Amino acid sequence: MVSPGSKDATEDIRKAAGTLENQALVEQDLLPADQAQVLNKCSIMQMAKYQVPKRSGDIIMIQSEHTGTIDVLSSDLESADLLGDHRKVSPPLMAPPCIWTFAKVKEFKSKLGKEKNSRLVVKRGEVVTIRVPTHPEGKRVCWEFATDDYDIGFGVYFDWTPVTSTDITVQVSESSEDEEEEEDDEEEIEEPVPVGDVERGSRSSLRGRYGEVMPVYRRDSHRDVQAGSHDYPGEGIYLLKFDNSYSLLRNKTLYFHIYYTS
């Protein structure tokens, strides 16, 4: 049955049925070919104007171009779960982190400057992502960082993925946009979120795939040591992002200490 109020859709369906009858007559040589050609052209134009009904209870007729058979589908199928396991699921909301600062910047940088793998340069226009897997003996991740002379953007995300190694790795992207394109190549994002401003806290497309612990904001890491911690929400990888994509001229020297506690 066609839902009430869809007279136009009913008329179009009737015309489509008439087209099928005309085609049958041509095949039986009961209708002249030139007349059939005119009727087919009119029917094609009418079907081109036909809008697929979207109200609940409306029907959609689909004719096979090979066999000529007609399938009748209900628009209610649109709400059915046809994707099964392939349906995208948004990541769960994350608990907020604990964050604080302390003023001993010189002492902090002096200590870390002597340690291996605790200092790096984030070049102008770059985003550095430090990937920190959850540790089987830990319950929370902790971070501390500072910079020379200038501020830097910083934010934390969580990738819900099985941990195969506890090694901490560093990834460098030329810009925040390039970084998101790389993530898109790995997995399609259902609803990309517009990229925001580091001044106000970026809302990158990473939110579509990862849990957001804290968005990327510019931090005064050249004035105070920026520190924080976050309880493990489960197994996965923390993405600590140091964003210098807004800087066109200045590289930023970063001193950082990342560890877990139980």
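Which residue in β10 is the bridge partner of F145? The answer is Q226.

Before going on, a word about what you're looking at. This is a predicted model, and the mean pLDDT of the protein is 75, with 53% of its residues reaching 70 or more. Two stretches call for some care. Over residues 77-87 the pLDDT stays under 50, and the model has 4 contacts for them beyond four places in sequence. Residues 186-196 also have a pLDDT below 50, and that stretch has 18 contacts in the model beyond near neighbours in sequence.

Now for the overall inventory. You can find 4 helices and 12 strands in the protein. Of its 262 residues, 36% count as buried. If you take contacts between residues at least 6 apart in sequence, 80% of them join residues at least 24 apart.

Back to β10, then. β6 and β10 run antiparallel and are joined by 6 bridges. β10 also pairs with β3 (residues 98-102), again in the antiparallel sense, over 5 bridges. Look for W100, which stands opposite A227 in β10. What holds strands together like this? Strands of a sheet pair through backbone hydrogen bonds, either parallel or antiparallel.

Next, turn to an open sheet of 5 strands. Follow the order β8-β5-β11-β7-β9, and you'll find that the pairing is antiparallel. At the edges sit β8 (169-173) and β9 (211-219), each pairing on one side only. From one strand to the next, the twist averages 15°. Inside this sheet, zoom in on β5 (residues 127-133) and β11 (residues 237-243): they run antiparallel, with 7 bridges joining them. One spot to check is R131, whose bridge partner in β11 is L239.

Where do the nonpolar side chains gather? The largest nonpolar core has 22 residues, and the ones with the most contacts inside it are W143, Y238 and L240. Several elements give two or more residues to this core: β4 (119-122), β5, β6 (140-147), β7 (152-159), β9, β11 and β12 (252-261). Of these, β7 gives the most, with 4 residues. There is also a second, separate core of 6 residues, including V105, A146, V225 and Y255.

Leaving aside its neighbours within four places in sequence, L240 is in contact with V128, T129, I130, V132, W143, F154, G155, V156 and I258. One of these, W143, is also among the residues with the most contacts inside the largest core.

Finally, what about the cysteines? A disulfide is a covalent bond between the sulfur atoms of two cysteines. The structure holds 0 disulfides. C142 is buried, because its relative accessible area is 6% and the cut-off for buried is under 20%. C98, at 49% relative accessibility, counts as partly exposed.

Conventions. Residues numbered from 1 in each chain as written. Heavy atoms only, no water. Pairing = 2+ DSSP bridges. Axes fitted to C-alpha atoms, helices over the stretch in contact; angles between N-to-C directions. Core = buried A, V, L, I, M, F, W, Y, C linked by side-chain atoms within 4.5 Å. Buried < 20%, exposed > 50% of the residue type's maximum accessible area, 1.4 Å probe, protein only. Contact = heavy atoms within 4.5 Å. Disulfide = S-S within 2.5 Å. pLDDT = per-residue confidence, 0-100.
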